Protein chains: 2
Amino acid sequence: MSDHTAAMPHRPRRHVLADEVYETVKTLVMDHVVRPGARISIDGLARELDVSPTPVREALARLESEGLASKEPLRGYRATPLLSRRELDELYEFRQLIEPWAARRAAEKIDRHTAAELRAEMASAVAPKGTDYRDYRALAAHDARFHSLLARLSGNDQVRIAFERTHCHLHIFRLYFASDIGFEAVTEHRTIAEAIIRGAPDAAEEAMSTHLDNSRTQRLHTVYRDSS
Amino acid sequence: MSDHTAAMPHRPRRHVLADEVYETVKTLVMDHVVRPGARISIDGLARELDVSPTPVREALARLESEGLASKEPLRGYRATPLLSRRELDELYEFRQLIEPWAARRAAEKIDRHTAAELRAEMASAVAPKGTDYRDYRALAAHDARFHSLLARLSGNDQVRIAFERTHCHLHIFRLYFASDIGFEAVTEHRTIAEAIIRGAPDAAEEAMSTHLDNSRTQRLHTVYRDSS
DNA sequence: TCGCCGTGAATCCTATAGGATCTACGATAA
DNA sequence: TTATCGTAGATCCTATAGGATTCACGGCGA
């Protein structure tokens with residue numbers, strides 16, 4: 001956020017093990033190294049990461065309250081199961097309430113500085129060369145950053161926080177895992193970004209709504225083609 | 001939630017200290033026993049509650065990720081400051097995106113069973129006799145339950161969770177602290193509930209929108225009358 | 001008077017130990 | 001074969017100890 005001010009952070013961002021463990025476990029869950037629904041042993045994880053159980057407990061408590069793990073007292077933690085089709089649809093319904101509105105607001109408030117931010121993010125969305133995992137992961141990271149940026153550019157921080165707390169991109173990434181679809185999103189992002197930059201609220205709102213609907217129906221629903 | 005099924009819970013809800021500490025601290029923060037912005041010492045709290053620091057750390061990690069406390073590494077936790085006027089307005093803007101929609105959906109989906117739930121909740125909203133703290137707290141509890149219930153009756157659990165995670169009623173309660181305003185809300189709740197029960201989506205949506213706007217402008221804004 | 005510095009106490013962070021509870025698995029009985 | 005029971009091991013939960021860092025405060029110099 002304010003890290004670009006200078007190369008001299010007044011507080012060198014102190015090192016705490018719990019934060020590292022948190023990030024590590026989050027990545028493990030995201031990449032299916034810890035499979036959906038699998039147990040996450042406190043002592044086992046502590047041995048694996050070569051730390052004591054205390055910071056592990058702290059990290060898992062955070063993950064649980066964010067909905068990435070679930071806890072049963074005296075029985076331990078589990079990685080959250082994958083989103084069901086119903087949960088996915090509900091999640092997109094929520095996003096439809098929030099994000100088109102955010103895109104509209106961003107277009108209304110656009111200025112020289114925020115436009116530059118938006119252009120920079122779009123420039124980072126490199127066209128993937130193949131269909132390998134690293135490309136998919138990079139694209140997913142851009143997708144997450146793009147939507148977070150728009151939530152921020154809406155100017156309403158409470159909305160941004162509520163959106164971030166869904167961790168929707170993490171959940172969707174887990175669904176898509178080992179899949180090679182979804183690259184069309186960048187084109188739709190460009191449409192949204194252009195509408196915002198030229199200050200067109202109606203176009204921005206509609207483009208976002210369309211984008212979400214395409215993402216849900218044309219891309220994600222294929223995941224459930226022969227199941228629930 | 002499902003506690004009314006029988007007097008024989010298969011898992012007797014095991015006892016974990018971290019959960020108790022969590023609830024205790026949450027109450028302390030809500031009631032200004034721990035003042036907004038005040039430090040929350042891990043070891044100090046452990047001594048006070050006569051438990052070890054380990055469960056305290058777990059409870060505070062949860063509270064931080066829920067936005068009720070903030071942490072600076074190696075420096076400790078603090079209770080979140082009161083909502084600024086700007087944050088309050090942004091929070092209500094968020095609620096306007098979610099709750100009128102939820103009220104509409106609830107009206108569309110209403111049935112015999114959910115109508116009974118709604119009536120039961122309205123019956124619990126006893127008219128306060130005086131302006132003392134206990135009455136205020138009971139009213140605030142009803143307010144929180146009412147809005148949570150509507151979020152649930154929308155049928156979209158992701159929306160409900162996103163709403164719950166704002167902890168808006170806890171934050172508002174802290175603002176209102178030692179205040180005696182806000183009893184008009186029950187009347188507006190009744191209007192909303194009646195619209196939902198008679199299956200009138202438009203009326204329900206509008207009543208909720210009006211209710212939120214009244215709450216914000218006529219009641220809450222008086223808190224900031226001579227400050228930011 | 002004001003600001004800087006050093007020391008002691010308090011606090012945070014991590015690791016470890018041990019009791020409580022749960023899980024896995026094999027033995028016994030129907 | 002199937003179900004029940006009991007034991008061993010693993011895991012969770014809590015408490016405690018000690019090193020690392022920060023905070024509080026009094027002394028020193030300008």
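This is a short walk through a predicted model, from its two copies down to a single pair of side chains. Residues are numbered from 1 along each chain as its sequence is written, and chains are lettered from A in the order in which they are written. Local features need pLDDT of at least 70, side-chain atom pairs count only at pLDDT 80 or more, and side-chain values use heavy atoms, with hydrogens and water left out.

Let's begin with the two chains.

Now look inside chain B. Helix α1 (residues 17-30) of chain B packs against helix α3 (residues 53-65) of chain B at about 55°, with the axes 8 Å apart; helices here are DSSP runs of H or I, at least four residues long. The contact includes B:L17 and B:V21 of α1(B), and B:V56 and B:L63 of α3(B). Its residues divide into ten nonpolar, no polar and four charged (Asp, Glu, Lys and Arg count as charged).

Finally, there are 40 salt bridges over all chains, each a side-chain nitrogen of Lys or Arg within 4 Å of a carboxyl oxygen of Asp or Glu. One of them joins A:R216 to A:D213, with the closest N and O atoms 3.5 Å apart. Both residues lie in helix α10 (residues 201-219) of chain A, three residues apart, about one turn of the helix.

Definitions and conventions:
Axes are lines fitted to C-alpha atoms, for helices over the stretch in contact, and angles run from 0 to 180 degrees between N-to-C directions. Helices (H or I, at least four residues) and strands (E, at least two) are DSSP runs, numbered from the N terminus. Contact means heavy atoms within 4.5 Å.
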